[in-house]
Amino acid sequence: MTSAYLIRADFPLFAARPELVYLDSTATSQKPRVVIEALEHYYREINANVHRGAYDLSVQATLAYEEARRKMARFLGADEREIIFVRNTTEALNLLVYAWGLRVLKAGDEILLTEMEHHANLVPWHLVAVHTGAKIKAIPVRGDGRLDLDSLDRLLTDRVRVVSLTHMSNVLGTVNPVAQIAKAAKEKGALVIVDGAQSAPHMPVDVTGLGADFFALSGHKMCGPTGAGVLWGRYEMLEKMQPFLGGGEMINEVYLERSSYAKPPQRFEAGTPAIAEAVALGVAAEYLMGIGMQNIWQHDRSLVDYALARLDEELPEVKTFGPRGPDRGGVIAFTLGGLHAHDVATALDQHGIAVRAGHHCAQPLHRKLGLAATARASFYLYTTRDEVDRFIEALKKVREFFKDWL
Ligand SMILES: Cc1ncc(COP(=O)(O)O)c(C=O)c1O
């Protein structure tokens, strides 16, 4: 990969804050100049509503928006008719819950999740369970941070109608064997939904190869702006589904008492979309593809291996979570002795290191780990080895400062 030291020059925030060590890309990524400029260019030179006007500017806006859809299709190895623009992963999963779950599931049906899910892939299903009487079950997480696949035979009963799981954990960094789980789920006739919030930004994703029915991502975690994400769905599924939101743009014909709906993807894009953000997300995807998703993955992998080896060797008081090996992305959740994660993160901030602290929207997983919170450092294509070194040296100073409380 082009060196992370060179890639940093594409990100204006790093020039504005040369002392900052930003290790919170799992929460949101920084934005390259091309993305910031795409937003500005759109508003300065193209701004009009899409799919409406007969005038040239509106045609230009529509072309830019639909071009972004094609870029996202290329990014995911999908057909452009299968790309629905949403705000983020949370909205994508809620769309599925409202458009499919609440309509199809009934008492006695089972929803299979995992213990490592983000709240975005838990709470919407709780709504479904309350309204339909369907039951939620979860694939356990083993001590090494991987899913207990031995339990799959027992859990995947004929009553399971949907398996919804994260591709990569935002706490453990675990990359789940989605294709294997999807195959088993399909044999039982279950729908497969993949939360790709953490995988899409960091590794090559070919949605057709995953064997899933749906895949959700957030643009802001992959160098795009906030407010634009994607729900990919197999066209046959989308075609069968009723809309989630009703309004302009998603209809075929409307009468006073009834309406018919447009074909997907428009059926699921009611109202004026986040046009500039979608256009800029397309630019972000193109930027990442230019660097190469496999290169980004290798870079993240090498940083996480390096960081974990140094932590093991030099900071025995630090406990890290998640698997060791090629199925581990660039996320390190950790504790330092018995210190509260917020104290650790606040102390690291004094040294210019930005890490997150809390349950990272994964309370059930933290409960399983027996912790209320962890601190979390995460890496991306612009993270350098020097920054990992600065993080570890700062952590040693934090250890020294709190030595009487460890
Ligand atoms: C695994 C996972 N799923 C879902 C989400 C929700 O993403 P968003 O807040 O962009 O909807 C996140 C965000 O951190 C995540 O890490």
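## Helices, sheets and a ligand shell

Visitor: Which residues of H4 are buried?
Guide: A residue is buried if 20 or more other C-beta atoms lie within 10 Å of its own, exposed if 12 or fewer do, and partly exposed in between, with C-beta atoms placed from the backbone. Helices (H or I, at least four residues) and strands (E, at least two) are DSSP runs, numbered from the N terminus. In H4 the buried residues are Ala61, Ala64, Tyr65, Ala68, Arg69, Lys71, Met72, Ala73, Phe75 and Leu76.

Visitor: What kind of model is this?
Guide: Residues are numbered from 1 along each chain as its sequence is written. Local features need pLDDT of at least 70, side-chain atom pairs count only at pLDDT 80 or more, and totals for chains, interfaces and linings use all residues, since this is a predicted model.

Visitor: How far apart are the end C-alpha atoms of H11?
Guide: The expected span of a helix is 1.5 Å times one less than its number of residues. H11 has 17 residues (275–291), so it should span 24 Å. In agreement with that, its end C-alpha atoms lie apart by 25 Å.

Visitor: What is the bridge partner of Thr166 in S6?
Guide: Strand S5 (residues 160–166) and strand S6 (residues 191–195) pair in the parallel sense over 5 bridges. Thr166 is among the residues around the ligand, meaning that its C-beta atom, placed from the backbone, lies within 6 Å of it. In S6, the bridge partner of Thr166 is Asp195.

Visitor: Which strands are the edge strands of the 4-strand sheet?
Guide: This open sheet has the order S11-S12-S15-S14, and its pairing is antiparallel. Each edge strand pairs on one side only, and the two are S11 and S14.

Visitor: At about what angle to S14 does H13 run?
Guide: Helix H13 covers residues 341–350. It lies across S12, S14 and S15, and its angle to S14 is about 165°.

How values were computed:
Two strands pair if DSSP finds at least two bridges between them. Two residues are in contact if their C-beta atoms, placed from the backbone, lie within 7 Å. Axes are lines fitted to C-alpha atoms, for helices over the stretch in contact, and angles run from 0 to 180 degrees between N-to-C directions.
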